[in-house]
Structures are given as structure tokens and as C-alpha cells.
Amino acid sequence: MKKLYLILILFAGLNFTSSAQTKDLSTDGPQQKLVKFYPNPAYNFINFDFEKGYAANYTLVIFNFIGKPVYESKNISSRNNVPLNDFFRGIYIFQLRDKNGTIVQSGKFQVVK
């Protein structure tokens, strides 16, 4: 029974990550990345650095592997440091959303403790 439960959680997490969409920010070129995140894997903190052209009214949301939001920051600055004190070991997914809630960029990182 535990194996079936773990398989269902894994399937739900994979389904969540595959359904994350990103918006093409350029009109005639490849998709532009607005955020760089490091270190990955992370231990005590993770940094999110935003490239030129980001909007201050974006929202950064971090989800755990089963899709539960564990962190949210509105009106972000060009550099954001997220402490990982309350995060458990595992894979996390971040989404950068615009003021309408549309996903502009998403990605994943690992927390090791």
C-alpha cells in the first residue's frame, strides 16, 4: 500500500512539473530567461537573480514536490535570497508569475541537508 501511495505522489509531482508553462517573452526569437538561481543543489539558501527587463510586480512562488506552495514573494527585487531553514530535503519547483498570474518562467532546484 505504501508503494502505491509513493507512486501516486511521484506521478502527481511529475504531472505538475510537466504542466508548468512558460510564456515567450520575445516576439521573434528563442525564449528569454529572466531569472538565474544558484546554488543548485542548495543547503542554507538559494539566490534568485533577475536579468534586465524583469517587472517588479512579478511574484515568485516555490512549491514542494507534491505541489504545495511553501514560499511566496510579491513585488520582487533584482536579487532575492530565500532562506531554506524551513525547507525539507528534496526537489522544489519555482514559478515566476506576472500580475495576471500567468507563468513567465519555471524551474526546479534541489535542497540537500
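**Aromatic pairs and the nonpolar core**

Trainee: Where is Phe87 placed?

Mentor: Phe87 sits in the loop between strand E5 (79–83) and E6. Strands here are DSSP runs of at least two residues, numbered from the N terminus. The model is predicted, so local features need pLDDT of at least 70 and side-chain atom pairs pLDDT 80 or more, while totals for chains, interfaces and linings use all residues. Residues are numbered from 1 along each chain as its sequence is written, and side-chain values use heavy atoms, with hydrogens and water left out.

Trainee: How many aromatic pairs does a search of the whole structure find?

Mentor: The search finds six. Rings of Phe, Tyr and Trp (its six-membered ring) pair if their centres lie within 6.5 Å; planes under 30 degrees apart count as stacked, over 60 as edge-to-face and the rest as tilted.

Trainee: Why is the pair of Phe37 and Phe94 called edge-to-face?

Mentor: The ring centres of Phe37 and Phe94 are 4.8 Å apart and the planes are at 70°, so the pair is edge-to-face. Phe37 belongs to strand E1 (residues 35–38) and Phe94 to strand E6 (residues 90–97), so the pair ties together parts 57 residues apart in sequence.

Trainee: Is Phe94 buried or exposed?

Mentor: Buried means under 20% relative accessible area, exposed over 50%, and partly exposed in between (1.4 Å probe, protein chains only). Phe94 has 0%, so Phe94 is buried. Phe37 has 24%, so Phe37 is partly exposed.

Trainee: What makes the pair of Phe87 and Tyr92 tilted?

Mentor: The planes of Phe87 and Tyr92 are at 50°, with 5.0 Å from centre to centre. Phe87 counts as buried at 7% relative accessibility, and Tyr92 counts as buried at 5%.

Trainee: Which residues do ring pairs link into a cluster?

Mentor: The cluster consists of Phe37, Phe48, Phe87, Tyr92, Phe94 and Phe109.

Trainee: What does Phe87 touch, not counting residues up to four places away in sequence?

Mentor: Contact means heavy atoms within 4.5 Å. Phe87 touches Ile62, Val70, Tyr71, Val82, Tyr92, Val111 and Lys113.

Trainee: Which residues have the most contacts inside the largest nonpolar core?

Mentor: They are Phe48, Ile62 and Phe109, in a core of 19 residues. Such a core is a set of buried Ala, Val, Leu, Ile, Met, Phe, Trp, Tyr and Cys residues joined through side-chain atoms within 4.5 Å. Strand E2 (45–50), strand E3 (59–63), E6 and E7 each give two or more residues to this core.

Methods:
Helix = DSSP H or I, 4+ residues; strand = E, 2+ residues; numbered from the N terminus.
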